[in-house]
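Hi,

Here is the structure I said I would pass on to you. Have a look at it first, and then read on for what I found.

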Amino acid sequence: TMPMPSSPLRSREVIVFFTEYLFIKLNRDQMPRAAHGTSGVRGGPCFRLGALDGLPHPQRRRRQRDASRGPLTTFHQRRAQYQQSIGQGSFTAHAIWIHERQTLDASFAVGDAGNSFNTLDTWRVNGVFYTPSRIGGSLGYFSTTGTTDTGLYAPMPVMGSANGSPNNAGVIAELSFMPWLNTRLAAQYVAYTKFNGGTTGYDGSGRSASDNNTLYVYTWLVF
């Protein structure tokens with residue numbers, strides 16, 4: 001699990017989507033064994049690609065000029081996953097890119113945004129390894145970059161930005177144990193190297209990015 005830092009939405013900002021999704025999976029284990037020369041040996045790699053696009057509902061597009069309706073937001077998401085068995089254990093790598101386009105005419109008109117159009121790009125990558133005894137660990141990196149907007153990302157304690165930047169970056173480390181196949185116990189640590197465009201004094205009130213570092217302890221159950 002890789003949390004993605006995001007910028008808080010204003011109360012008047014309403015987002016409605018049509019979504020389109022494409023998913024491709026290439027699994028060597030599902031091919032005829034003669035085709036990939038395994039000679040009965042299983043545990044080959046699995047590679048997945050996914051695409052998800054969100055577009056404003058047509059009714060929202062027609063109302064775009066009505067300042068009381070808030071902004072229109074579209075996003076484009078691309079995913080990739082690689083999985084490989086290693087002995088009795090397993091290794092999985094994930095990568096995701098999200099590109100978001102924000103049309104902020106309403107917020108710009110009332111002074112809540114410094115721009116009428118902004119973008120956000122988010123990258124997340126991680127690797128996960130599990131031993132045969134179902135003890136696992138993961139290490140990942142995340143980064144968000146976007147358009148500088150001194151109105152939308154204004155200085156304020158904790159969640160604000162002194163320079164109007166939404167840029168975040170950091171690493172995520174996790175240790176976990178699965179006593180049963182439907183149960184996972186885990187501890188996860190999120191460390192920020194950048195938060196809202198800065199490393200020290202990023203919010204205009206003297207707060208550092210590392211002050212947002214967080215330890216999570218959680219249980220995951222499947223019914």
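A definition to begin with: the accessible areas here come from the Shrake-Rupley method with a 1.4 Å probe. On that basis, the protein has an accessible surface of about 12,700 Å², and carbon and sulfur atoms contribute 58% of that surface. Please keep in mind that this is a predicted model.

Now the overall picture. The protein has 223 residues, of which 36% are buried. Its secondary structure consists of three helices and nine strands, and their order along the sequence is β-α-β-α-β-β-α-β-β-β-β-β. Among the contacts with a separation of 6 or more, 60% are between residues 24 or more positions apart.

The part I would like to show you involves strands β4, β5 and β6. Strand β4 covers residues 89-103 and strand β5 covers residues 117-130; the two pair in the antiparallel sense, with 14 bridges. β5 also pairs with strand β6, residues 135-146, again antiparallel, over eleven bridges.

Which residue stands opposite His 94 in β5? It is Asn 126. Asn 126 also has a bridge partner in β6, namely Gly 140. If you want to trace your way across these strands, you can go from His 94 to Asn 126 and on from Asn 126 to Gly 140.

Finally, the turn: β5 and β6 form a hairpin, with four residues between the two strands. Arg 134 lies in this turn and has a positive phi of about 65 degrees.

Happy to hear your thoughts once you have had a look.

Best wishes

Methods:
Residues numbered from 1 in each chain as written. Predicted model: local features only at pLDDT ≥ 70, side-chain atom pairs only at ≥ 80, totals over all residues. Heavy atoms only, no water. Pairing = 2+ DSSP bridges. Buried < 20%, exposed > 50% of the residue type's maximum accessible area, 1.4 Å probe, protein only. Contact = heavy atoms within 4.5 Å.
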